[in-house]
Amino acid sequence: MKSIFLKGLFIISIFLMHNCKAQSASVNEYITFYNGVVPKLNTVAANKTQFYGQNFSEFYSELLSKNVNVVDLGYGSKTDTGTKNYILRLYFCDSNMDKPAFDNKFQIPVIWITFENEIPPQIKSMVLQYHGEWNDTFVQFFSNMKIEKIKFIGLNGYNSNNWSAK
């Protein structure tokens, strides 16, 4: 009886160690991702005002020149109660990658772009159609929209308590 208990305990501990190790690998993958993309974003953030009043296509070209790849997008209004959408949110990691970040309360790099004019209403159906995944259709859709301001969020260190935008 004692032997079965010890074998069971051994199997459970191996299982738990494997699960913890798997979680650590995904945390390490996120940290590697974060430490790879954030320095690139910081170089763009340092010069963000040069894109104010410019077409989105110019800003997007700058991201591509720094090897920053947009993965997902979101949109929103300027205020909590607003009904018109002016803000484009660009994300650089997919939901599989950001799970360890959420689980560990790590920062997630995001760019919020506020446009001078309202984002056309078809953005809603486009995001649904493409499941919020960034693609060339979105690049073309936003290309001639003029940028009013840009906020870089989540660039203060993956485990930093400083959540201020740049």
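Modeller: The side chains of Lys78 and Glu148 form a salt bridge, with 3.4 Å from N to O; the term denotes a side-chain nitrogen of Lys or Arg within 4 Å of a carboxyl oxygen of Asp or Glu. This pair connects distant parts of the chain, 70 residues apart: Lys78 belongs to the loop between β1 (72-77) and β2 (85-91), and Glu148 to strand β4 (residues 147-153). Helices (H or I, at least four residues) and strands (E, at least two) are DSSP runs, numbered from the N terminus. Lys78 counts as partly exposed because its relative accessibility is 44%, and Glu148 is likewise partly exposed because its relative accessible area is 33%. Here buried means under 20% relative accessible area, exposed means over 50%, and partly exposed lies in between (1.4 Å probe, protein chains only).

The model is a predicted one, in which local features need pLDDT of at least 70 and side-chain atom pairs count only at pLDDT 80 or more, while totals for chains, interfaces and linings use all residues. Residues are numbered from 1 along each chain as its sequence is written, and side-chain values use heavy atoms, with hydrogens and water left out.

In total the structure holds three salt bridges. One of them joins Asp103 to Lys99, at 2.7 Å from N to O. These two residues are separated by about one helical turn, because they stand four residues apart in helix α3 (residues 95-103). Asp103 is partly exposed, as its relative accessible area is 47%, and Lys99 is partly exposed at 48% relative accessibility. Another salt bridge brings together the side chains of Lys66 and Glu62, at 3.5 Å from N to O. Lys66 has a relative accessibility of 30% and therefore counts as partly exposed.

Arg89 counts as buried, because its relative accessibility is 19%. Its side chain makes a polar contact with the side chain of Tyr91, at 3.2 Å. A polar contact is a pair of N or O atoms within 3.5 Å; within protein, one must be able to donate a hydrogen and the other to accept it, and residues adjacent in sequence count only if both atoms are side-chain atoms. A polar atom of the Arg89 side chain also lies 3.0 Å from the backbone oxygen of Tyr75. Leaving aside residues up to four places away in sequence, Arg89 touches several residues, including Asp72, Val110 and Trp112, where contact means heavy atoms within 4.5 Å.
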